[in-house]
Amino acid sequence: MKWPGAFRLKSMEWLLITTQTQRQVIDLTDLLQPLVPSAGTGLMTLHIQHTTAAVTTADLDPGTDLDLLDFLEGVVPDRHWRHPHDPAHAPDHLLASVIGSSVSLPYARGKVLLGGWQRLVLVELSGPRERRVAVVATAGLESGTG
Amino acid sequence: MKWPGAFRLKSMEWLLITTQTQRQVIDLTDLLQPLVPSAGTGLMTLHIQHTTAAVTTADLDPGTDLDLLDFLEGVVPDRHWRHPHDPAHAPDHLLASVIGSSVSLPYARGKVLLGGWQRLVLVELSGPRERRVAVVATAGLESGTG
Amino acid sequence: MKWPGAFRLKSMEWLLITTQTQRQVIDLTDLLQPLVPSAGTGLMTLHIQHTTAAVTTADLDPGTDLDLLDFLEGVVPDRHWRHPHDPAHAPDHLLASVIGSSVSLPYARGKVLLGGWQRLVLVELSGPRERRVAVVATAGLESGTG
C-alpha cells in the first residue's frame with residue numbers, strides 16, 4: 001500500500017550535518033530553502049540538538065567565518081574549568097549556550113527571507129561530528145489592526 | 001457552574017521559578033515536559049519576563065553550571081556603569097540581553113526533543129527572586145516539497 | 001474594486017527603522033504593540049534582515065543603552081580581522097551573530113507580554129542606516145495535560 005498523500009504530514013524535518021574540523025562555521029541556508037512551505041507566510045524555526053554547537057545568522061564574506069571563530073576563541077579565558085567529562089570542552093559548552101540553540105526566520109511564498117548578506121549558520125565548536133538540526137515551519141496569523 | 005472543558009483553552013502557560021542564590025543556573029526541562037501537547041509536532045517557545053535573567057540550553061554535567069556563571073562574570077569588566085537604579089546591576093542586564101530572553105524547542109508526540117546532554121535552563125543573574133517564564137506551544141506545518 | 005477585507009491577510013509585517021548614529025539601542029516595543037492580534041494568545045516573532053544589527057530584550061533605564069554599547073565595544077579585541085569588504089566592520093558582524101537576529105515574545109488579548117522593565121530593542125552596530133525587521137504572529141495551541 002502506498003502512503004496516502006493526504007496523510008503525509010512532514011511537520012518536522014531534520015538537517016543532518018557532518019562537520020569537518022574542530023571549529024567551523026557552516027552555511028545551512030541552501031539546505032533550509034527546500035523545506036519552506038510553497039505557499040503562505042510564517043516562520044522556519046531551527047533548533048540544534050547539541051551542547052557544543054549553535055545556530056545563528058551571519059555575514060559570510062570570505063574569512064568572516066574564521067573571524068567569528070577567532071573572536072569566540074578569545075572570549076573564553078584559558079583557565080581551569082570544573083566540567084568533569086573533559087574540562088577542555090567547557091569553552092565549547094559555554095559558547096554554545098551564549099550563541100544559542102534556536103533561531104526563527106520568516107518565509108513568504110516559498111522563500112526564506114534573509115537580508116542580502118545574511119546566511120543561516122551552524123557554529124561547530126567541538127567537531128568533527130554529525131549534527132542534527134530540527135526544522136519546524138509554523139504559519140503566520142493575520143495581524144491586528146491596533 | 002463548572003468550567004466547560006471545551007472552552008478550557010490553556011494556550012499560554014507560565015513557569016514560576018523561585019531562585020535561591022544571586023547567580024544560578026536552573027534546569028527547567030522537567031517543568032516544561034508536562035506542558036507539551038500530547039499529539040502532533042511543533043514548537044515549545046519560552047520567554048522570560050525579566051531583564052536580569054535569561055533562558056537558553058546548556059550541558060549540565062556537575063560543575064558546568066558554575067563554569068557558565070564564572071565565564072559570564074569574567075566577560076563583563078569591572079568598571080563604572082551608568083545604570084541609575086543600581087550601577088552594580090548593570091552587568092546582570094547586559095548579560096541577560098546577550099544570552100537572550102526566548103528559546104524555541106521542537107516537540108513531537110508529547111515529548112520535547114532535546115539532545116542527549118541538552119537541558120533547558122534559566123540563568124539567574126540577580127537573585128534570589130521569583131521569576132516568570134511564559135510557555136507557548138505552536139503547531140508545525142507540513143513542509144514544502146522544494 | 002476594493003480589496004476584500006476577508007482576503008486582506010497581513011500575516012507578515014515589517015518594521016522599518018532609520019537609525020541615527022553608528023551604534024545605538026532603539027526601543028521597538030511601541031512599534032510592535034499595534035501589530036499584535038486583537039484576540040487569542042500566541043507569539044510575536046521578530047527577525048532583523050541584517051548582519052550588523054541585532055534584536056533582543058533589555059532594560060532601558062537612562063544610560064543603560066550606552067552601558068550595553070560600551071560593553072559590546074569592549075568584548076571585541078582590537079585586532080586585524082580578515083573580513084574583506086571592510087575589516088573595521090568585522091566586530092559589528094561578530095556581535096550581531098552572538099546577540100542574535102530573532103526573538104519571540106508572548107501576547108495575549110491584544111497585548112505583548114513583557115516584564116515590567118523589559119523592552120524589545122534593536123541594537124544598531126554599524127549605523128546610521130535603514131533597518132528592516134520582519135514581524136510574524138503565530139497562534140498558541142492548547143497545552144497538553146502531561
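How many residues of chain C are in contact with chain B, and with how many residues of chain B? In this predicted model, 39 residues of chain C are in contact with 39 residues of chain B. The side of chain C that touches chain B draws two or more residues from each of several elements of chain C, namely strands S3 (41–48), S4 (53–59), S5 (102–108) and S8 (130–139), together with helices H2 (64–75) and H3 (90–99). H2(C) gives the largest share of this side, with 7 residues. Sorted by class, the side of chain C that touches chain B consists of 18 nonpolar, 17 polar and 4 charged residues.

The contact between chain A and chain C involves 39 residues of chain A and 39 residues of chain C. On the side of chain A that touches chain C, at least two residues each are supplied by helices H2 (64–75) and H3 (90–99) and by strands S3 (41–48), S4 (53–59), S5 (102–108) and S8 (130–139) of chain A. Here the largest share, 7 residues, belongs to H2(A). The class composition of the side of chain A that touches chain C is 18 nonpolar, 17 polar and 4 charged residues.

Two copies of a chain are related by a rotation about an axis and a shift along it.

How values were computed:
Residues are numbered from 1 along each chain as its sequence is written. Chains are lettered from A and ligands numbered from 1 in the order in which they are written. This is a predicted model: local features need pLDDT of at least 70, side-chain atom pairs count only at pLDDT 80 or more; totals for chains, interfaces and linings use all residues. Two residues are in contact if their C-beta atoms, placed from the backbone, lie within 7 Å. Helices (H or I, at least four residues) and strands (E, at least two) are DSSP runs, numbered from the N terminus. Ala, Val, Leu, Ile, Met, Phe, Trp, Tyr, Cys and Pro count as nonpolar, Asp, Glu, Lys and Arg as charged, and the others, Gly among them, as polar.
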